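Please look over the sequence and the model below before reading on. The briefing that follows takes up a few topics in turn, beginning with a question.

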Amino acid sequence: MSMPVSASVALPLQGAVVALLQADAELSDMVTGVLDWVPEDQPYPYIHLGDTVETPDNSHDSHGSTSVITLHVWSQYRGYSQALRIADRLRALLEHRPLTIAGHRHVATYFVSQQTLTDPEPPGDIRHVPISFRVLTKVQP
């Protein structure tokens, strides 16, 4: 029996994350959008989908991937409290929670890291919190 050809999980993973985040009423009350591309006039706060790094995680009889997806929380609130509350909601929705990923079986999602950053460009009032998750998947047979 031959294994199916492995397909990248990056696009279906992005779709699964967007669908999950956009369906959450609590998160929707906190942000103006969950975006893959950000228009110049996008109001704050919002979540921008960042990079995904995908590496193979195959076993002797199946294809799989380990992906690290980074989400970016952007805020103009004074201080970090707003952005960090949004990041906490992302962790509550994604960490150790199931995802429905087209063509792939979700194995697990783990929190990797988050960082607080201030945009140094004038006026210097933009807060940025990148938050990353490791997602383990197997290709559906």
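Predicted model: local features only at pLDDT ≥ 70, side-chain atom pairs only at ≥ 80, totals over all residues.

Is arginine 91 buried, partly exposed or exposed? Arginine 91 is partly exposed, because its relative accessible area is 28%, and the cut-offs place buried residues under 20% and exposed ones over 50%.

**Salt bridges**

- In the whole structure, a search finds 3 salt bridges, and one of them joins arginine 91 to glutamate 95, with the closest N and O atoms 3.2 Å apart.
- Aspartate 24 and arginine 89 form a salt bridge through their side chains, at 2.7 Å from N to O; aspartate 24 sits in the loop between α1 and α2, whereas arginine 89 belongs to helix α3, 65 residues apart.
- Both aspartate 24 and arginine 89 are buried, the latter having a relative accessibility of 18%.
- Arginine 89 also forms a salt bridge with glutamate 26, where the closest N and O atoms are 3.7 Å apart; because arginine 89 lies in helix α3 and glutamate 26 in helix α2, this pair ties together parts that are 63 residues apart in sequence.
- Glutamate 26 counts as partly exposed, at 45% relative accessibility.
- Through shared partners, salt bridges join Asp24, Glu26 and Arg89 into one network.

**Helix α1**

- Helix α1 covers residues 10–23, and its 14 residues reach 20 Å from the first C-alpha to the last, close to the 20 Å expected at 1.5 Å a residue.
- Its buried residues are Leu13, Gln14, Ala16, Val17, Val18 and Leu21, and these pack against α2, β1, β2, β3, α3 and β6.

**Strand β6 and its partners**

- Strand β6, residues 127–139, is mostly covered, since 12 of its 13 residues are buried.
- Strand β5, residues 117–118, pairs with β6 in the antiparallel sense over 2 bridges, and threonine 118 stands opposite arginine 127 in β6.

**Glycine 50**

- Glycine 50 has its place in strand β2, residues 46–56, and is partly exposed, with a relative accessible area of 25%.
- Apart from its neighbours within four places in sequence, glycine 50 is in contact with Thr70, Leu71 and His72.
- Glycine 50 and threonine 100 are 50 residues apart in sequence, and their C-alpha atoms are 20 Å apart in space.

Notes
Residues numbered from 1 in each chain as written. Heavy atoms only, no water. Buried < 20%, exposed > 50% of the residue type's maximum accessible area, 1.4 Å probe, protein only. Helix = DSSP H or I, 4+ residues; strand = E, 2+ residues; numbered from the N terminus. Pairing = 2+ DSSP bridges. Contact = heavy atoms within 4.5 Å. Expected span 1.5 Å × (residues − 1). Salt bridge = Lys/Arg side-chain N within 4 Å of Asp/Glu carboxyl O.
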